[in-house]
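Here is a friendly walk through one protein model, meant to be read with the viewer open. We will look at some strands, then a pocket, then a helix.

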Amino acid sequence: NLRKIVIAIDGYSACGKSSTAKEVASILGYRYIDSGAMYRAVTFYFMDHHVALTNPKEVARALEQIHISFKVNPKNGTDTFLNGLNVEKEIRKMRVSEMVSQVSTIKHVRTAMVDQQRRMGKERGIVMDGRDIGTVVFPTAELKLFMKADMQVRAFRRQKELLERGQLVDLDDVVENIRQRDEIDTTRAESPLRKADDAVEVDTTHIAFDEQVDEVIRMALARIVVS
Ligand code: CDP
Ligand code: CDP
């Protein structure tokens, strides 16, 4: 007997959450949702429209204007759309990375995103990665993972990804950004990043990507096949 499950992947920045989530979803034939891309898209909109983060009315009005969607592209990546416009490239830029954690502390922003994420997961058969997926968005997810890795390894992996996207960023600047975001994400009042009690911890520092994917698939299958 097979059932569709929800897989929640949380953890620190640049540990391999989204690349693992994407690959696992593709193997299982599940939908992959990058919740971080949603917070990045909101941040991009706020920056573009000069929304005052400390003004709740302005924030609420802006959130009403924001529609986020995803589309799988021919290269097997996922593009993020903000009000019908492909913003995938823009939301990965350092200027957005430098603002996103601040924007993600705002309660109203979080409730709007969580509502939408829960709607996306209603049919189950979904892999979602982020910071609060196992704790807040899907507390009943059948498989929860909490990813971590050494700072230098994470920073190098992220620097390489940025380079592949045509951005050359100093390693020290990447370390600084990851460090700052981890700090804000773990200490904020609204749904801070923390490991859910029933999440499996995965340290990706010394394992190869394929090995990590195999491990997650193995855990997922154990939960998909029920007697
Ligand atoms: O750079 P990385 O892929 O690690 O980050 P991301 O997944 O794109 O998320 C960017 C930022 O969005 C995080 O640093 C958090 O501040 C915020 N975020 C959040 O608050 N809750 C989530 N579920 C996902 C992301
Ligand atoms: O989503 P998150 O910010 O946690 O990380 P990511 O965007 O998936 O980036 C992690 C990068 O490290 C990707 O380029 C992966 O291919 C690479 N990587 C990994 O995720 N796991 C390993 N064991 C080795 C490399």
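## Strands, a pocket and a helix

I33 has M128 of β6 as its bridge partner. Please keep in mind that this is a predicted model. The contact belongs to a parallel pairing of β2 with β6 that runs over four bridges.

How many of the five residues of strand β6 are buried? Five of the five, so the strand, residues 126-130, is largely enclosed by the rest of the structure. Both of its faces are covered: I126, M128 and G130 are buried on one side, and V127 and D129 are buried on the other. In a regular strand, side chains alternate between the two faces of the sheet.

Next comes another set of strands. β3, β4 and β5 form an open sheet in the order β3-β4-β5, with antiparallel pairing. Its edge strands, each pairing on one side only, are β3 (68-72) and β5 (85-86). β3 and β4 (residues 78-82) are joined over five bridges in the antiparallel sense, and V72 has T78 of β4 as its bridge partner.

The pairings with a stated bridge count can be set side by side:

| Strand pair | Sense | Bridges | One bridge pair |
|---|---|---|---|
| β2 and β6 | parallel | four | I33 and M128 |
| β3 and β4 | antiparallel | five | V72 and T78 |

Now for the second largest pocket, which holds about 250 Å³ of space. Of the 17 residues that line this pocket, Y30, R31, Y32, V72 and T78 are the closest to its centre. Which element gives the largest share of the lining? That is β3, with five residues. At least two residues each come from α1 (17-28), β2 (31-34), β3 and α6 (107-120). By class, the lining has eight nonpolar, six polar and three charged residues.

Finally, helix α10 (residues 209-224) has 16 residues, which at 1.5 Å a residue should span 22 Å; its end C-alpha atoms are 22 Å apart, in agreement. Its buried residues are Q212, V213, V216, I217, M219, A220 and I224. Seen down the helix axis, these fall within an arc of 165 degrees, so they line one face of α10. On the other side of α10, D210, D214, R218 and A222 are exposed.

Definitions and conventions: Residues are numbered from 1 along each chain as its sequence is written. Chains are lettered from A and ligands numbered from 1 in the order in which they are written. This is a predicted model: local features need pLDDT of at least 70, side-chain atom pairs count only at pLDDT 80 or more; totals for chains, interfaces and linings use all residues. Side-chain values use heavy atoms; hydrogens and water are left out. Two strands pair if DSSP finds at least two bridges between them. On a 1 Å grid over the protein atoms alone, a cavity is a set of points where a 1.4 Å probe fits but cannot get out, and a pocket is an open set with protein on both sides within 12 Å along at least five of seven lines; lining residues have an atom within 4 Å of a point. Grid points are joined across faces, edges and corners, and a volume is the space filled by probe spheres set on the points. Ala, Val, Leu, Ile, Met, Phe, Trp, Tyr, Cys and Pro count as nonpolar, Asp, Glu, Lys and Arg as charged, and the others, Gly among them, as polar. The expected span of a helix is 1.5 Å times one less than its number of residues. Buried means under 20% relative accessible area, exposed over 50%, partly exposed in between (1.4 Å probe, protein chains only). The arc is that of the directions from the helix axis to the C-beta atoms.
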